[in-house]
Amino acid sequence: LDPKTLPDAVRDQLSQALDAAFGTPAAPVVPGSVPGFDLSPGHLAAGGRVYKVQCQRCHGTAGDGRGPTGPWVYPYPRDFRTGAFKVAVGNAKPTADELVRLVRGGVPGTSMPLFDLLPEADVRAAVAYTVHLSVRGETEYRVLKGLLDESGTGDPATIPADVTAAAAAVLSRWAAAPAAVPA
């Protein structure tokens, strides 16, 4: 399934629907909430600024793991758009505290450094922004898959509604994360 095969008009329509739901890198929003994460626009904007300085060079602007230094590190940086994180157990999403611990301690055996000198507010803001990138990326993937599926079930006329439904489904998985943590 190659997104480049979508007609330009459909690709533009998807881009507009994603921007309407998730904002832009300078003004990010999340169309919902997740317990334990401050996903307010102001907090996400602060996280975007920290991310740009501390994370973007490896993880890329879109969180795709294709930052300018990404090709030079092994293993390659995490692609947040897939929604998969090292600290998650099974198919569950990580909690805010798990992601903060990961950022603070780095990932041994990788190029992910520890960020233990960053203020707590900056770490939490960057983590929230990373969740924003993840939710947006998973939402985009789900809608693209529907549009490109060989069964022909994707309908360009329903793209805005499809983005809303996919974002709600992704956010519900994030909201279930605290319940998946073993006691």
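1. In this predicted model, Arg 11 forms a salt bridge with Asp 8, and the closest N and O atoms of the two side chains are 3.5 Å apart. Both residues belong to helix H1, which covers residues 8–22, and they are spaced 3 residues apart, about one turn of the helix. Arg 11 counts as partly exposed because its relative accessibility is 33%, whereas Asp 8 is exposed, with a relative accessible area of 53%.

2. The count of salt bridges comes to 9. One of them joins Arg 81 to Asp 79, with the closest N and O atoms 2.9 Å apart; Arg 81 is partly exposed, at 30% relative accessibility.

3. Glu 120 forms a salt bridge with Arg 104, where the closest N and O atoms are 3.1 Å apart. Since Glu 120 lies in helix H5 (residues 120–148) and Arg 104 in helix H4 (residues 96–105), the pair ties together parts that are 16 residues apart in sequence. Glu 120 has a relative accessible area of 36% and is therefore partly exposed. Through salt bridges that share partners, Asp 97, Arg 104, Glu 120 and Arg 124 are joined into one network.

4. In soluble globular proteins, nonpolar side chains tend to be buried together.

5. What is Phe 37 in contact with, leaving aside its neighbours within four places in sequence? The residues are Pro 94, Thr 95, Ala 96, Leu 99, Val 127, Val 131 and Trp 174.

6. The structure holds 4 aromatic pairs. The rings of Tyr 51 and Tyr 129 have their centres 5.3 Å apart and their planes at 50 degrees, so this pair is tilted. It links distant parts of the chain, with Tyr 51 in helix H2 and Tyr 129 in helix H5, 78 residues apart, and both Tyr 51 and Tyr 129 are buried.

7. Phe 80 and Phe 85 form a stacked aromatic pair, at 5.8 Å centre to centre and with 15 degrees between the planes. Phe 80 counts as buried because its relative accessibility is 9%, and Phe 85 is likewise buried, with a relative accessible area of 9%.

Definitions and conventions. Residues are numbered from 1 along each chain as its sequence is written. This is a predicted model: local features need pLDDT of at least 70, side-chain atom pairs count only at pLDDT 80 or more; totals for chains, interfaces and linings use all residues. Side-chain values use heavy atoms; hydrogens and water are left out. A salt bridge is a side-chain nitrogen of Lys or Arg within 4 Å of a carboxyl oxygen of Asp or Glu. Helices (H or I, at least four residues) and strands (E, at least two) are DSSP runs, numbered from the N terminus. Buried means under 20% relative accessible area, exposed over 50%, partly exposed in between (1.4 Å probe, protein chains only). Contact means heavy atoms within 4.5 Å. Rings of Phe, Tyr and Trp (its six-membered ring) pair if their centres lie within 6.5 Å; planes under 30 degrees apart count as stacked, over 60 as edge-to-face and the rest as tilted.
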